[in-house]
Amino acid sequence: MHHTSGARPPASTDQAPLGTTLLRGGAVYSPADPFATAMVVAGGTVAWVGSEGAADSFADGVGHVVQLDGALVTPAFTDAHVHATATGLALTGLDLTGTDSLAAALDRIAGHAAGRPAGQVLLGHGWDETRWPERRAPLRAELDAATGGRPLYLSRTDVHSAVVSSALLDLVPGVAAEPGYHPEAPLTGDAHHVVRRAAYAAVTPAQRADAQRAALRHAASRGIGALHECAGPDISSEDDLTGLLALATAEPGPQVFGYWAQPAQSPADLDRIRDLGAVGAGGDLFVDGSLGSHTAWLHAPYADADGTGVTHVDAETIARHLTLCTEAGVQAGFHAIGDAAIGSVVDGVRAAVRAVGLERVRALRHRVEHAEMMTAETIAAFAEFGLVASVQPAFDAAWGGDGGMYAQRLGADRARGLNPFAAMTRAGVPLVLGSDSPVTPLDPWGAVRAAAFHHTPEHRISARAAFNAHTRGGWRAIGRDDAGVLVPGAPADYAVWNVADLVVQAPDERVANWSTDPRSGTPGLPDLTPGRDLPVALRTVVGGRTVFAPPNG
């Protein structure tokens, strides 16, 4: 891919505005023309999409010509569920993702702690005992030894439990009385939230901004042009959210849309949401926890532990929040993973419908984050009420399958029912894709592949459907129907990719074969078959402005 300046006529006859660019000689993924090889961008807007022959008529009138050299141009991805500060801290600090044993994790902790000031609070993430031969979390005494007595907060991969050192507990008086406190086991629930707040309070504003900047730059390098930040009092802070939104506005990078996860008790609470700059009162408003931490709320007990998980809000709170949000015209949302949690949200939506009417509820596109343990009844209710399912296909890639963590927690039969993307799509439930980074990495093509090659074949959706849910779907989830697609008049948010052959993949091989036929008029996407290399971003553009290009790009 290379750039040239267009041959410009004299100024008196030049009709092309500054900042007009022609991209040509590649493949442009657009419903406007399934065979498009070129695109014109005028300022921050897509002006034209079409064939190579027609591109000749634009070449002399534009400011720049980009020769794509066979590269693929797609809409930039939207990651619909991100925690930017935690992502940045994991990218730049102590990340235990991928450690293959408890011993290796303790060695990495000790190496990170060495040389740091004795009183400095250490933050880490990513341990997963189900991937270790020891099959257990680190003990507090082991953490004390590895850190040399320093304060340490170490979140599990799902961020719904954490292990901490004794020195950190000393900074949180009264934590032992909080629900979810265990003398040796990982902390969950309120105890976890209290220690997390204390740990993150030690992060200076400058450190926080550096972490957020690292997360946004990494997202841009992955072809992501927009993020939905899931903030809230139990997972970050008001300063964290307002600082992130200010940073994203001030510096080139992905656009950021914030959600604030605090249940509304009165209309005044929604004024606070607006004051923070959030687009909705949802995101990680926790109805339950996670399967990995045994805190997702289930109808039937876990297969490998006593109990059915926990719930953090009651049905009345859910119904009040949804009703107040709908009356005020504010999008609401909840985090719900277990079948009991999802059922509780549906009951709350039903109560809101009785209070304010179905059309007002549907119009706001209220969201449910994760929505993993769906049933036929809740799928039908999501479709009826217009609920957006904000899902993470990488969860299935990481923990699905008969030998995975989900099967350990639920038994193989129940685990096979998780993340039924195909049934949800058939029923008309809007899907939007995200990573929940740092729970899983910022990796949009990996998410599309995970949805198209779900561990459970009956839950697979086409690569095209998954791609649309990760691009246009993310914009629709915030009420924007004009973005996330490369058609004239749409925002110029796009990514350029180094790819091999383009194909059309669908769960049914007969459909896939037919759709590859040029007569189908279906635009192709990269071959995402497991084992093949995923596309690499060559450039990411937001609003017509380049926000990522390799040093030699």
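**A close look at one threonine**

Modeller: Leaving aside residues up to four places away in sequence, Thr 295 touches His 160, Thr 188, Asp 288, Gly 289, Ser 290, Tyr 302, Gly 309 and Val 310; a contact here means heavy atoms within 4.5 Å. Before going on, some ground rules: this is a predicted model, where local features need pLDDT of at least 70 and side-chain atom pairs count only at pLDDT 80 or more, while totals for chains, interfaces and linings use all residues. Residues are numbered from 1 along each chain as its sequence is written, and side-chain values use heavy atoms, with hydrogens and water left out.

Back to our threonine. You'll find Thr 295 in the loop between strand 15 (280-281) and helix 10 (315-328); helices (H or I, at least four residues) and strands (E, at least two) are DSSP runs, numbered from the N terminus. Thr 295 has a relative accessibility of 6%, so it counts as buried. The cut-offs are under 20% relative accessible area for buried and over 50% for exposed, with partly exposed in between, using a 1.4 Å probe and protein chains only. Thr 311 sits 16 residues away from Thr 295 in sequence, with 7.9 Å between their C-alpha atoms.

His 294 belongs to that loop between strand 15 and helix 10 too. Its phi is near 60°, a positive value in a residue other than glycine. With a relative accessible area of 26%, His 294 is partly exposed. Arg 365 also has a positive phi, near 55°, and isn't a glycine either. You'll see Arg 365 in the loop between helix 12 (358-363) and strand 17 (367-370), and it is partly exposed at 24%.

The largest pocket has a volume of about 590 Å³, and 35 residues line it, with Thr 97, Pro 438, Val 439, Thr 440 and Pro 441 nearest its centre. Helix 2 (84-92), strand 10 (122-127), helix 14 (393-399) and helix 18 (444-452) each give two or more residues to that lining. A pocket is found on a 1 Å grid over the protein atoms alone, as an open set of points where a 1.4 Å probe fits, with protein on both sides within 12 Å along at least five of seven lines; lining residues have an atom within 4 Å of a point. Grid points are joined across faces, edges and corners, and the volume is the space filled by probe spheres set on the points. Pro 438, one of the residues nearest the pocket centre, is joined to Ser 437 by a cis peptide bond, with omega about 15°. Pro 438 lies in the loop between strand 19 (431-433) and helix 18.

There's a sheet to look at as well: five strands form an open one in the order 3-7-20-23-24, with mixed pairing. Strand 3 (27-28) and strand 24 (545-548) are at the edges with a single partner each, so one side of each has no neighbour in the sheet. Two strands pair if DSSP finds at least two bridges between them. Strand 23 (residues 536-542) pairs with strand 24 in the antiparallel sense over three bridges, and Val 541 stands opposite Thr 546 there.

Finally, zoom all the way out. The protein has 21 helices and 24 strands, and 56% of its 553 residues count as buried. Its C-alpha atoms fill a box of roughly 75 × 55 × 50 Å along the principal axes.
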